[in-house]
Amino acid sequence: MRAVKTLKKFLGIPERVPRQQAMAAFITRYASFKELLEANAEMAAVLADLEAALRGDKSLDPAQTRQAAVRAALQSERMAEKLNEISGGRYAALETAAKAITRRLRDELELHEDEDADQLTLPLGRVNAGMVGVVGGKNANLGELTALGLPVPRGFAVTLQAGSMMLLRPAGLFKNIYRHLRSVDPETPSKLTAAFAAIETLILDAQVPGEVEQALYNAWDEAFGQNPRPRAALRSSAVAEDGAQSFAGQYRTVLGVRRDTLLQGYKKVIASLFSERALAYRALHGYPLDALGMGVCCLEMVPARSAGVVFSRHPTELRSNNLVINSLWGLGEMVVDGRAKPDVWLISRAAKRVVEEKTAHKATMMELDDNEGTRLVDVPQALRDVPSLTPEQADWLARTALELERHYQFPQDVEWAINQQGEILLLQTRPMGLDVTAERDVPELGELTPLFSGADVAARGVGCGPVTPVEQDGDMTDFPEGGVMLIKHSSPRVMAVLRRAAAIVAETGSLTGHMASLCREFGVPTLMNIPGVFKKLPENGIVTVDAFAGRIFAGEIPELLSLSVSRKGGHVDKPELFLLRRVAPHILPLRLTDPQSELFAPENCLSLHDIMRFAHEKSYTEMFRISDDLSEGSAGAACRLVCPIPLDLYVIDLGGGLKNPDVPSVMPEEVTSIPFRKVLAGMTNPNVQARGPRPINIRGFLSVMERSMAGGNEEGGGARFGDRSYAIVSDRYLNFSSRVGYHYAILDTWCGETQSKNYIRFEFAGGAAGNEQRARRARCIALILSELGFTVETTGDRVAARFRKYSKAQMLPRLDQLGRLLIMTRQMDMLMVDDDSVRRYAENFLNGSYH
């Protein structure tokens, strides 16, 4: 015996490990594998929630975002730890990488703690963008600008807590407000106006609570010090403002505020929470009308030499790589409310150079008056046709806007002003309202002459209806459904009837103004800057507005109306997205996509998604290695299945899966595992078993042969797998791992009497054919599984599917179908020669036609 051992050692032949010892080691590592899979499933759910929130399909408040981020950190660290256990300590570097990423993530979360939730006022220096729930959107963003070291006027934030006290402390105030709100019909502007007038009177007549009054005066004195007569602007800063829904222009700004008018100005801003425009906007977006979330921002007013807006991306041309600056002499209100045509700069985001500059004729401008508020004055003759920005100022604004976009991880809409000394100050930043309406190939209509052309497109689309002029301060109650609204200049007042308009035409306006943002947000086709249109378009005349090419045609133009797009519905989302955008780069991006690349390594993991991908991929490699050891080097630890299927399949019994696990081979009838028995039934179904040679497409066959002879699936990063497959079983559990040629399939399932525990997870990837054929096979498998009720995700040649929390009776037939699919997927890529074959093969499979 000693001589035999010496000879085996000399020849490098490993000792056979006793079955009991081998199974004990396997079960320990398999427990880690199961934990890794559970963590992967948890992680996938967290990633899905975060991605849905970023898309706007789901709303997460800061507490939920924090909870999701912490869960992602814990699960990714758990996956790294378990992979290291499975491999016997060969992936310590992955644990190190996971801990480094989660440390950076926790640092980001700590930067945005809401420590001041009970304060009534806060200096802007103590505010950051994660404090939306404390100070509202505008204050949070201004605080963030201050923290970044960017120039911001002096001022302070008045918190939502103060706003709630203002509405709830005075006896009977909110009860009376609510009484008026109950009578509001968002579709009737006159009722909105009446309700607001009554509510505003109630609030202006109410006493400011003593604590709030004292806090306001203290904050004023701290912000403005010994300045004897500073003038400030009081601006709204509501919870849902300056976020995913902009609330652009819906709340009131009070200008020229002094210390002695501070309380009355504050009440005016609070009252605008119930303005007709704000109520209509909230109704369209699904927000409750009786909202209490109003903070206020108090900023020192800038006696601006010029002012305007910079968009870090073009607001309507999504393919453009330019940013946009709009500017006028004086205060910027005429830019944001669209009352004047501004100077425009288009600047390349890449080269940082001016691509186009348009200087408008500027006859009037707005300036601060000597009392309270503003006044319109004539622009000096020498400046009327002169650019209101120097090249250096335009360059600084462009670079700052791009810096803010990188910081916020989203395109930004930035308001700014330049004081009399030439210093640029930032007044606010918020996420841009992008026009996501797809660009269309618009017919030329050469035989038709438009009434007007060359208009600026503020919001893309096509609308047709009777021309309905609306005066600046006119009553909109009777504005008709489907009318084309005609206005002299853009105004956020249109919010009250925005839903009724087929299109909007404004004689003057700004693409970066409030109304343009609202029209893009709600998908209303809008044209601006058409000289003479208000007088020349006939009232009640039918026109077609082409807000793709900037044209207006008389009558109904069917060729254009076919390009109409459906309106966007009201969708509630909140500026708490900022925190999500700050943590998302540490969690969501996936850079490790190719397992065969030399870059697929722990040291290249830069996000928790990378950690998840690496651990999940390598876990199966490790389990195949362990299973191979078990079938080759242990005394009967793995039983070979003797069965008429084209797989070299070994069964490892964790308990209750086989009648006798101590034999070297087993027959299908000796399997007692419920899910494995059903999968085998599908595999051995007589209709699935090929009768004679399987018909193949010669093009597909030659493609596979060519790639195999050339070294296989090099483009896709695949490698040829060993042909041994494994089924790890218990009475109600199956983990089936199949490796054939250049593809693999994994089926993990629990099937028992407890419905909440039942699940099926299935994954398939790889192949010997070209990228296109492998991708078609993946789409075909996805189509079949979708029809069977699975939740399916497809990326390239990889398919991942889930079926969870269904009864045993619903699970079993799907396991049978998966057994059939596992057999039929072999060499399926040969058949995937065109896109029609994907649908055709899926239909044949679902109809029971397998050959």
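This is a predicted model: local features need pLDDT of at least 70, side-chain atom pairs count only at pLDDT 80 or more; totals for chains, interfaces and linings use all residues.

Colleague: In E27, which residue is the bridge partner of Leu747?

Modeller: In a regular strand the side chains alternate between the two faces of the sheet. Here, Leu747 has Phe762 as its bridge partner in E27. The strand names are DSSP runs (E, at least two residues), as are those of helices (H or I, at least four), numbered from the N terminus. E26 (residues 743-750) and E27 (residues 759-766) run antiparallel and are joined by eight bridges; two strands count as paired if DSSP finds at least two bridges between them.

Colleague: Is E26 mostly covered or mostly exposed?

Modeller: E26 is mostly covered, with seven of its eight residues buried. Buried means under 20% relative accessible area, exposed over 50%, and partly exposed in between (1.4 Å probe, protein chains only). Helix H15 (residues 514-522) is also mostly covered, as nine of its nine residues are buried; His514, Arg520 and Glu521 are among them. Over the protein, buried residues make up 56% of the 851 residues.

Colleague: What is the order of the strands in the open sheet of five strands?

Modeller: The order is E1-E2-E5-E3-E4, and the pairing is antiparallel. The edges are strand E1 (121-123) and strand E4 (253-257), each of which pairs on one side only. On average, neighbouring strands of this sheet are turned by 25° against each other, direction ignored. Within the sheet, E3 (residues 232-238) and E5 (residues 294-300) pair over seven bridges in the antiparallel sense, and Ser236 stands opposite Val296 in E5.

Colleague: Across which strands do helix H6 and helix H10 lie?

Modeller: Helix H6 (residues 137-147) lies across E2 (155-158), E3 and E5, running at about 110° to E3. Helix H10 (residues 210-224) lies across E1, E2, E3, E4 and E5, at about 160° to E2. Axes are lines fitted to C-alpha atoms, for helices over the stretch in contact, and angles run from 0 to 180 degrees between N-to-C directions.

Colleague: How should I describe the packing of helix H8 and helix H9?

Modeller: Two packed helices are described by the angle between their axes and the distance between the axes. The axes of H8 (residues 173-182) and H9 (residues 189-205) come within 9 Å and cross at roughly 175°. H8 is therefore roughly antiparallel to H9, a term for angles over 145 degrees. H8 contributes Leu173, Asn176, Ile177, His180 and Leu181, and H9 contributes Ala195, Ala198, Ile199, Leu202 and Ile203; contact means heavy atoms within 4.5 Å.

Colleague: Which residues have the most contacts inside the largest nonpolar core?

Modeller: In soluble globular proteins, nonpolar side chains tend to be buried together. In this model the largest such core has 56 residues, and Leu94 and Ile587 have the most contacts inside it. A nonpolar core is a set of buried Ala, Val, Leu, Ile, Met, Phe, Trp, Tyr and Cys residues joined through side-chain atoms within 4.5 Å. Its largest share, twelve residues, comes from helix H2 (residues 19-55). Not counting residues up to four places away in sequence, Ile587 touches residues including Leu47, Leu50, Leu105 and Leu608. Another core, of 52 residues, lies apart from this one and includes Phe790 and Phe845.

Colleague: Where is the place of Lys352, and what is its phi?

Modeller: Most residues other than glycine have a negative phi. Lys352 is not a glycine, yet its phi is positive, about 60°. Lys352 sits in the loop between strand E8 (343-348) and strand E9 (354-358) and is partly exposed, with a relative accessible area of 27%. Asn540 likewise has a positive phi, about 70°, and lies in the loop between helix H16 (533-536) and strand E19 (542-546). Asn540 is exposed, with a relative accessible area of 55%.

Colleague: How many residues apart in sequence are Gln393 and Gly422?

Modeller: They are 29 residues apart in sequence and 8.9 Å apart in space, C-alpha to C-alpha. Gln393 lies in helix H14 (residues 391-408) and is buried, with a relative accessible area of 16%. Leaving aside neighbours within four places in sequence, Gln393 is in contact with Ser388, Ile418, Gly422 and Ile424.

Terms used
Residues are numbered from 1 along each chain as its sequence is written. Side-chain values use heavy atoms; hydrogens and water are left out. Angles under 35 degrees count as roughly parallel, over 145 as roughly antiparallel, 65 to 115 as roughly perpendicular and the rest as oblique.
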